Amino acid sequence: MSDVKIEASALSRSYRRADGAEVKALSAVDLRIEAGQFVCLVGPSGCGKTTLLQIIAGLVPPSGGNIVVNGQRVTAPGPSRGMVFQKDSVFPWMRVHANVEYGLSCRGVAKAERQKVAAQYLERVGLSHVAGAWPRELSGGMLKRVAVATVFANGADVLLLDEPFGALDYVTKRQLHDVLLTLWAEGEAGRRRTVVFVTHDVDEAMILADRIVVLRAGRVVDDLAVAADRPRTTDALLLPGMVRIKHILLTHLGLEAAR
Amino acid sequence: MTPRPGWWSRNWASLAAIAAMAGVWEILSFIYTAEAAPGEPMVPGWEIVFGRTLLSLADYWGGGLGVASVAEGAPPSYTAAVLAIISNSFDTIVRLYTGLIAGAAAGTALGLAVSWSPWPRRVVDSPLQFLRTLPLLAMVPLFQLWFGTEFIGKVAFVAYGIGVIFFAGVANAVRNVPQIFIDNARTFGASRATLYRTVIFPAILPELRATMLLALGTGWGAVLGAEYLGAQSGLGYMIVYSEQFAYLDRMFFVALLFVLYASVSYALFDRVSRRLLDWTAKSGQVSATL
Ligand SMILES: Nc1ncnc2c1ncn2[C@@H]1O[C@H](COP(=O)(O)OP(=O)(O)OP(=O)(O)O)[C@@H](O)[C@H]1O
Ligand SMILES: [Mg+2]
């Protein structure tokens with residue numbers, strides 16, 4: 001039996017909007033994620049995916065229920081949980097390489113080491129040529145890759161990724177999938193990292209995930225295991241088991257009628 | 001990129017406008033010949049300002065450096081006049097910048113402190129908001145009674161005026177820092193001190209630029225105000241002294257010095273801040289894009 005890395009029990013979160021309306025972003029979410037698992041969160045816009053990630057990160061306190069990571073209750077963010085945000089989070093006042101070094105410098109890693117690691121991850125996301133640029137000089141997709149490199153370079157044990165590749169072109173996206181899967185596999189002491197990956201893209205979820213959790217209106221409505229071997233080729237997505245999963249997901253997203 | 005136009009082609013229009021202003025002044029001096037006192041024209045022309053007036057500033061030279069003062073019986077000389085201008089300007093500028101640095105540092109520290117945790121906010125915020133509403137110039141006599149003609153009095157006054165501006169500017173700028181940057185830093189485990197050093201401080205710099213420009217203006221005003229009442233030297237002292245004898249031309253000359261010094265300090269500040277704010281997108285260039 002493998003150990004539980006992230007455990008959410010009866011998690012709920014409501015917001016009071018400025019117009020006075022009460023929004024239930026999450027209600028009674030129970031979720032156990034095992035160490036080393038790659039979980040994709042899918043669901044329609046506004047169903048609470050970002051909120052769930054923010055609660056796991058410790059950025060937003062739950063209104064009810066419990067969130068435990070590594071056996072400890074989450075009360076604040078910390079470097080053991082890296083997060084790529086849906087919105088642009090790259091610091092505009094730091095050059096690209098300084099952004100990528102940021103997490104390492106917060107942990108007091110020596111400058112030479114920091115620069116080496118940052119250069120390596122910039123290379124992996126294909127941005128070596130803009131290491132010395134200001135973020136304002138980059139395109140939206142490049143900024144996203146800087147954010148990804150920053151989080152990857154920091155090497156957190158738990159990676160929380162909120163639509164990290166949503167703004168990217170197909171080719172770059174596929175390349176970054178490989179980077180991510182490599183990173184996932186090379187956690188400390190040969191153990192896989194734990195990844196929670198939010199996406200709207202059903203195919204992306206099936207290429208990446210061990211498990212796909214479907215959220216709707218703040219609740220977990222389905223939880224599917226994806227057993228196909230890795231690396232997953234285009235053919236793998238056409239296996240009967242995978243096609244069945246795709247139909248289920250599309251049904252959840254309201255694109256196909258239930259059969 | 002189009003080549004940057006030369007200095008001359010960028011600035012000729014501004015220079016022409018300034019020259020036109022000077023010309024209007026000269027014409028006025030011929031048309032409007034009323035006098036504040038016998039021999040003291042209300043609108044002194046340039047030939048007076050850079051001739052008789054400049055020479056008369058020798059009155060403010062206290063002697064030394066081998067150049068005798070007028071009070072000691074020496075005839076007014078251009079050397080004494082220039083020395084008078086330099087020494088009085090120096091006094092004013094030292095008062096201004098000592099006060100500016102002290103006030104900016106204290107105001108920034110307090111402005112950051114109120115966002116740090118609830119206690120400083122409770123303790124510091126209300127009293128400073130209260131102080132902010134006291135009109136600065138109304139406080140000049142108060143500072144004079146407290147400090148007399150001491151150097152520290154003028155510095156404290158300038159520091160007070162600028163500190164209050166910086167406090168309000170910094171506290172407000174911190175509130176405007178986008179949450180996403182703070183969240184991002186926190187997920188990397190940034191300590192609070194690191195968060196302030198690497199996120200809050202750089203993020204508020206663009207707004208601090210505006211605060212600094214406002215503070216420079218206020219600072220020049222404050223140091224003058226302080227010198228009006230309690231100083232034996234400095235440009236403000238020269239103005240008050242001239243006013244007592246209706247030396248309009250001298251007041252005008254000192255005002256020109258102010259314009260010169262203020263312009264130089266704005267320009268210097270602009271250069272420094274531009275380098276620090278290299279990372280911000282160039283904006284406000286509506287005319288270039290339309
Ligand atoms: N700070 C907030 N204040 C008020 N309401 C909020 C806030 N954050 C989220 N919400 C609401 O909570 C609900 C869930 O939001 P959330 O951002 O988690 O959705 P999401 O699943 O990430 O959507 P998307 O796929 O579009 O990113 C939405 O209805 C949203 O309006
Ligand atoms: Mg979202």
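Which helix gives the most to the lining of the largest cavity? H5(B) does, with four residues. The legends below take this cavity and other close-up views in turn.

This is a predicted model, in which local features need pLDDT of at least 70, side-chain atom pairs count only at pLDDT 80 or more, and totals for chains, interfaces and linings use all residues. Residues are numbered from 1 along each chain as its sequence is written, chains are lettered from A and ligands numbered from 1 in the order in which they are written, and side-chain values use heavy atoms, with hydrogens and water left out.

**View 1. Chain B as a whole.**
Chain B has eleven helices and two strands. Helices (H or I, at least four residues) and strands (E, at least two) are DSSP runs, numbered from the N terminus. The order of elements from the N terminus is α-β-β-α-α-α-α-α-α-α-α-α-α. Along the principal axes, the C-alpha atoms of chain B fill a box of roughly 75 × 55 × 35 Å.

**View 2. The largest cavity, lined by residues of chain B.**
A cavity is a set of points, on a 1 Å grid over the protein atoms alone, where a 1.4 Å probe fits but cannot get out; lining residues have an atom within 4 Å of a point. Three cavities of 30 Å³ or more are counted. The largest has a volume of about 90 Å³. Grid points are joined across faces, edges and corners, and a volume is the space filled by probe spheres set on the points. Val140(B), Phe143(B), Gln144(B), Phe147(B), Gly148(B), Glu150(B), Gly153(B), Lys154(B), Phe157(B), Ala226(B), Leu229(B) and Gly230(B) form the lining. Helices H5 (140–147), H6 (151–175) and H8 (192–229) of chain B are the elements that give two or more residues to this lining. By class, the lining has six nonpolar, four polar and two charged residues. Ala, Val, Leu, Ile, Met, Phe, Trp, Tyr, Cys and Pro count as nonpolar, Asp, Glu, Lys and Arg as charged, and the others, Gly among them, as polar.

**View 3. The second largest cavity, lined by residues of chains A and B.**
This cavity holds about 70 Å³ of space. From chain A, the lining takes Met83(A), Ser89(A), Val90(A), Phe91(A), Asn99(A), Tyr102(A), Val146(A), Ala147(A), Thr150(A) and Val151(A). From chain B come Asn184(B) and Phe188(B). Helix H2 (96–106) and helix H4 (140–154) of chain A each supply at least two lining residues. H4(A) gives the most, with four. The lining has eight nonpolar, four polar and no charged residues.

**View 4. H2(A) against H3(A).**
Two packed helices are described by the angle between their axes and the distance between the axes. H2(A) packs on helix H3 (residues 111–124) of chain A at about 120 degrees, with the axes 9 Å apart. Axes are lines fitted to C-alpha atoms, for helices over the stretch in contact, and angles run from 0 to 180 degrees between N-to-C directions. The two helices are therefore oblique to each other. Angles under 35 degrees count as roughly parallel, over 145 as roughly antiparallel, 65 to 115 as roughly perpendicular and the rest as oblique. The crossing of H2(A) and H3(A) is right-handed. A crossing is left-handed if the near helix is turned anticlockwise from the far one by less than a right angle, and right-handed if clockwise. Among the contact residues are Val100(A) and Leu104(A) of H2(A), and Arg114(A) and Leu122(A) of H3(A). Contact means heavy atoms within 4.5 Å.

**View 5. H4(B) against H6(B).**
Helix H4 (residues 118–132) of chain B meets H6(B) at about 125 degrees, with axes 10 Å apart. H4(B) and H6(B) are therefore oblique. Their crossing is left-handed. H4(B) brings residues including Leu128(B) and Arg132(B), and H6(B) brings Tyr160(B), Val164(B), Phe167(B) and Ala168(B). The contact has seven nonpolar, one polar and two charged residues.

**View 6. H9(B) against H10(B).**
The axes of helix H9 (residues 235–244) and helix H10 (residues 248–276) of chain B come within 9 Å and cross at roughly 160 degrees. H9(B) and H10(B) are therefore roughly antiparallel. The crossing is left-handed.

**View 7. Backbone details of chain A.**
The peptide bond from Arg230(A) to Pro231(A) is cis, with omega near -10 degrees. Pro231(A) lies in the loop between strand S10 (219–225) and helix H7 (240–252) of chain A. Ala10(A), in strand S1 (residues 4–16) of chain A, has phi near 50 degrees, a positive value in a residue other than glycine.

Conventions. 1 Å grid on protein atoms, 1.4 Å probe; cavity = no way out; pocket = protein on both sides within 12 Å on 5 of 7 lines; lining within 4 Å.
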